[in-house]
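Open the model in your viewer and colour it by secondary structure. The stops below say what to select next and what is there.

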Amino acid sequence: MPKKLLLLPPLSVSSAFRAPRVSAAARLAMNAARTGYRVFSANSTAACTELAKRITERLGAELGKSVVYQETNGETRVEIKESVRGQDVFIIQTIPRDVNTAVMELLIMAYALKTACARNIIGVIPYFPYSKQSKMRKRGSIVCKLLASMLARAGLTHIITMDLHQKEIQGFFSFPVDNLRASPFLLQYIQEEIPNYRNAVIVAKSPDAAKRAQSYAERLRLGLAVIHGEAQCTELDMDDGRHSPPMVKNATVHPGLELPLMMAKEKPPITVVGDVGGSIAIIVDDIIDDVESFVAAAEILKERGAYKIYVMATHGILSAEAPRLIEESSIDEVVVTNTVPHEVQKLQCPKIKTVDISLILSEAIRRIHNGESMAYLFRNITVDD
């Protein structure tokens, strides 16, 4: 006789023993705690790791163990000395004078972390290189777009930067870009370190910088001045076609195609729009590299009656003979942030002062890792900064 199968009713689990439901926010928090994060420095020079150390100290974390060096044949080699599997990894890369080496260090480290199965790779690049080459000029190329594509291919999933030369650069990337601002730190320096700053005038050394200067002036409730025109023609100006002869009307063209008469481009003599007499002049810009234009602006402001001249900029690249020219000029002080290493330049010129911006970078890292909003870091900051 075949045995009968005895079907038992399904076991009922008491509600007291059911696993509690976990919200999505709690699951994210548990995943973040389980995976953790690491902060690495992608620089091969000791001078450039200073910002990375400041950031990790504020975060209460240790700098990730890695080795970045140049081989005898000039190739860059990166070795990650700890596991990063399933973690958020932040690569801090400041840009020294050797820009191309720094870019290769960043690309190779990002690719090494991607190969090591890092969950997210976030580049912390306070000064984004090649940002001045973000527009097509003559038969050149938009190198900034090329670099954005290379970073994406190398494995970066997010970028934290500061004061992009053109805000439209964010559109070059296929992943999120947080463009932080240094203006709160520079405004604080003006209020705390410049005596009698209420008698100051914010100056734009060219019409292109007028919006930034206006933003500073409105928040400090100060006057505004704009320097317009140029002192003399340079060889570069001769090349851009402004002095080329206009087209002749009776030139041979395609039948039915009548082009209008082209007028030669010409800038007026240098002038100052606004009153700076008996005031402190504060020139604001995003980058100070070749300082000839800043020195020329300082001379004009001195002639117009400004008795003290400051230059405020986010990125102090200060290449070539910049320290010597600043020391010999009418500029009283140049204030920049530590987005770019410039310790050597400070030794050559005591007029150069530094504002630390590691606080906002460390807070951005903490918020991104914890999935918090970044809006707090943009309080009272306008688009024109």
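Two strands pair if DSSP finds at least two bridges between them. Strands (E, at least two residues) and helices (H or I, at least four) are DSSP runs, numbered from the N terminus. This is a predicted model, in which local features need pLDDT of at least 70 and side-chain atom pairs count only at pLDDT 80 or more, while totals for chains, interfaces and linings use all residues. Residues are numbered from 1 along each chain as its sequence is written, and side-chain values use heavy atoms, with hydrogens and water left out.

**Whole protein.** Start with everything shown: there are eleven helices and 14 strands. Of the 385 residues, 43% count as buried (buried means under 20% relative accessible area, exposed over 50%, partly exposed in between; 1.4 Å probe, protein chains only).

**The sheet.** Select the seven strands of the open sheet, in the order β10-β9-β8-β11-β12-β13-β14; the pairing is mixed. At the edges are β10 (271-273) and β14, each with a single partner strand, so one side of each has no neighbour in the sheet. On average, neighbouring strands are turned by 25 degrees against each other, direction ignored. Axes are lines fitted to C-alpha atoms, for helices over the stretch in contact, and angles run from 0 to 180 degrees between N-to-C directions.

Contact here means heavy atoms within 4.5 Å.

**β8 and β9.** Select residues 200-204 (β8) and 223-228 (β9), which pair in the parallel sense over four bridges. I202 has L224 of β9 as its bridge partner.

**β13.** Next select residues 333-337. How many of the residues of β13 are buried? Five of its five residues are. In a regular strand the side chains alternate between the two faces of the sheet. Here E333, V335 and T337 point one way, and V334 and V336 the other way.

On one side, β13 pairs with β12 (residues 308-316) in the parallel sense over three bridges; V311 has V334 of β13 as its bridge partner. Between these strands the chain passes through α9 (residues 322-328), and the β-α-β crossover is right-handed (with the strands pointing away from the viewer, the path from the first strand over the helix to the second runs clockwise).

β13 also pairs with β14 (residues 352-355), again in the parallel sense, over four bridges. T337 has V355 of β14 as its bridge partner. With α10 (residues 343-348), β13 and β14 make a right-handed β-α-β unit.

**N338.** Move to the loop between β13 and α10, where N338 lies. Is N338 buried or exposed? N338 is buried, at a relative accessible area of 14%. The side chains of N338 and D356 are joined by a polar contact of 2.8 Å (a pair of N or O atoms within 3.5 Å; within protein, one must be able to donate a hydrogen and the other to accept it, and residues adjacent in sequence count only if both atoms are side-chain atoms). Beyond its neighbours within four places in sequence, N338 is in contact with residues including L51, R54 and I357.
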